[in-house]
Amino acid sequence: MRFRHKAAALAATLALPLAGLVGLASPAQAATSATATFAKTSDWGTGFGGSWTVKNTGTTPLSSWTVEWDFPSGTKVTSAWDATVTNSADHWTAKNVGWNGTLAPGASVSFGFNGSGPGSPSNCKLNGGSCDGTSVPGDAAPSAPGTPTASNVTDTSVKLSWAAATDDKGVKNYDVLRDGAKVATVTGTTYTDTGLTKGTAYSYSVKARDTADQTGPASGSVKVTTTGGGDGGNPGTGDEVKMGYFTNWGVYGRNYHVKNLVTSGSAAKITHINYAFGNVQGGKCTIGDSYADYDKAYTADQSVDGVADTWDQPLRGNFNQLRKLKAKYPNIKILYSFGGWTWSGGFPDAVKNPAAFAKSCHDLVEDPRWADVFDGIDLDWEYPNACGLSCDETSAPNAFSSMMKAMRAEFGQDYLITAAVTADGSDGGKIEAADYGEASKYINWYNVMTYDFFGAWAKNGPTAPHSPLTAYDGIPQQGFNTADAMAKFKARGVPAGKLLIGIGFYGRGWTGVTQAAPGGTATGPATGTYEAGIEDYKVLKTSCPATGTIAGTAYAHCGSNWWSYDTPATIKSKMDWAEQQGLGGAFFWEFSGDTTNGELVSAIDSGLK
């Protein structure tokens, strides 16, 4: 996926360290009637999430609060919410914002932050006094309970059991969360959830509450699928995949949000979404854009369900909007995609220890804050034992299958595990550089990137369709077409039902072209909205309408520009071909290139019967 970008500058700005802000303020009042407790809410290797909870334990209202602590050298706050966080060297201060400073007796408020580095806070002060409200250690929140185990699964119910949490004052009860929402509070360590829908996937976690009504962190989550349903949309079983990529950076300049999937009608016509991208760095899966992913606040008119985000809710951003989308369209499965053109350089280091890499990915995808959002993981390595934006010169041909085997072992048999893979079907090409056949034993399907075969990186041409279905007389490179790629994968032992055909919702084009038919010369890339040589279908359909078709792909010559792209008609022919070949379905890059009424998604939906 050659034209992927990192998140916009806005997100980068929001992620800058706060070290340059102003220093400490004087404490507002003595802290003998309030407490402040810290909890580490997540850890993704290069950083972590933290939360402070301030509670008024006195008998009179608290008018303001200031929490201070020290971090060891090398640990810092990188972004924060629901408090004004400043620092002087390694001493950090958090002050209430306007709406959350007043606390009635017994009330509490939390603020959170993302941090970098390995350290934990120390020397805590609340309004100048001890954070525990006394001169001796105070009451800590309970620990996380054990990850629930599921048993007695039926069409409509499941029994859950978990290991008890610990607390210095004793655990009072447990909140049982289904897909992130509380469904029960129980005093024991078992619960049977009833009234479920057959053949439906659910995610469960548990939180403990102590006798002081402090709630601890959530347990790990367990995914459960009730009996009596179908196969969850896996290929090769009669349910064809109709999957699209949703990019986290699309919420910036493109102004494309999860709600657009609903208003365009696309959500009702797809089976899966790949959320792109998480990064791969330091041998681990990491967050790609924390602001877009889980921090951006949505107003009511922007939100999938028409409900605005609040300042104190534990999850916002795209992840929360995707959660709402799944509630509205429970058939949709969502996979978290890692890597991509820009971020594939981290894979060679990661696969040196496949098991550790897989565990890091599992810990991030199944973070309790959003574990119910994701049903699978997609690994987009461009390219194993070959060159993309960077070249993999260290991995062996079996590194890819070792990675996928480790992922399956870590995530289990019921989790969707997929990969976006090259479509280079040439002799000695990228398909031959890795053991895709062996790796297919561990995956649900491959997203074969059957686009970007040709483009204006060859600035003088020849002009050629960027996504040819078949070879044709004059094609610039043999093996650079969908049919040859699929044939090569099958020859290497990949079942047809585990291959998805790829569709680009964009065109590639040249300028300085006089010849209308393919094969003409050019002077460089045509002008595009976001990048030279590339433009969304929604723009091209009117700015440069198709004038012909070659190898199953439309092309257009308008003025001195020459473009190639797929239309509803060519998509229909490609879907017919995919069904004749017994492929597992289709995927596309990416939603925002389609029209506001989703006509390309509709063509895929109607073409796959």
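In which loop is the place of Ala551? Ala551 sits between strand E28 (548–550) and E29.

This is a predicted model, in which local features need pLDDT of at least 70, side-chain atom pairs count only at pLDDT 80 or more, and totals for chains, interfaces and linings use all residues. Residues are numbered from 1 along each chain as its sequence is written, and side-chain values use heavy atoms, with hydrogens and water left out.

View 1. Ala551 is not a glycine, yet its phi is positive, about 55 degrees. Its loop joins E28 to E29; helices (H or I, at least four residues) and strands (E, at least two) are DSSP runs, numbered from the N terminus. Ala551 is buried, with a relative accessible area of 15%. Buried means under 20% relative accessible area, exposed over 50%, and partly exposed in between (1.4 Å probe, protein chains only). Asn127 has phi near 50 degrees, again a positive value in a residue other than glycine. Asn127 lies in the loop between strand E8 (122–126) and strand E9 (129–130). At 3% relative accessibility, Asn127 counts as buried.

View 2. Three bridges link strand E25 (residues 506–511) to E30 in the antiparallel sense; two strands pair if DSSP finds at least two bridges between them. Trp510 has Trp562 as its bridge partner in E30. On strand E29 (residues 553–558), five bridges connect to E30, also antiparallel. Here His557 stands opposite Trp562. Two residues lie between the strands of the E29 and E30 hairpin, where Gly559 takes a positive phi near 65 degrees.

**View 3. Strand E23 runs parallel to E22 and E24.** Strand E22 (residues 416–421) joins E23 through four bridges, in parallel. Ala420 has Asn447 as its bridge partner in E23. Three bridges link E23 to strand E24 (residues 499–504), again in parallel. Val448 is bridged to Ile501 of E24. In a regular strand the side chains alternate between the two faces of the sheet. In E23 (residues 445–448), Trp445 and Asn447 point one way, Tyr446 and Val448 the other, and all are buried.

**View 4. Four strands form an open antiparallel sheet.** The strand order is E13-E12-E15-E16. Strand E13 (181–186) and strand E16 (222–225) stand at the edges with a single partner strand each, so one side of each is left without a neighbour in the sheet. The twist averages 30 degrees from one strand to the next; axes are lines fitted to C-alpha atoms, for helices over the stretch in contact, and angles run from 0 to 180 degrees between N-to-C directions. Strand E15 (residues 201–210) and E16 are joined by four antiparallel bridges. Ser203 has Lys223 as its bridge partner in E16.

View 5. The structure holds two cavities of 30 Å³ or more. On a 1 Å grid over the protein atoms alone, a cavity is a set of points where a 1.4 Å probe fits but cannot get out; lining residues have an atom within 4 Å of a point.

**View 6. Two peptide bonds are cis.** Gly461 and Pro462 are joined by a cis bond with omega about 5 degrees. Pro462 sits in the loop between E23 and helix H10 (482–491). From Trp589 to Glu590 the bond is also cis, with omega near -20 degrees. Glu590 belongs to the loop between strand E31 (585–589) and helix H13 (599–607).

Conventions
On a 1 Å grid over the protein atoms alone, a cavity is a set of points where a 1.4 Å probe fits but cannot get out, and a pocket is an open set with protein on both sides within 12 Å along at least five of seven lines; lining residues have an atom within 4 Å of a point. Grid points are joined across faces, edges and corners, and a volume is the space filled by probe spheres set on the points.
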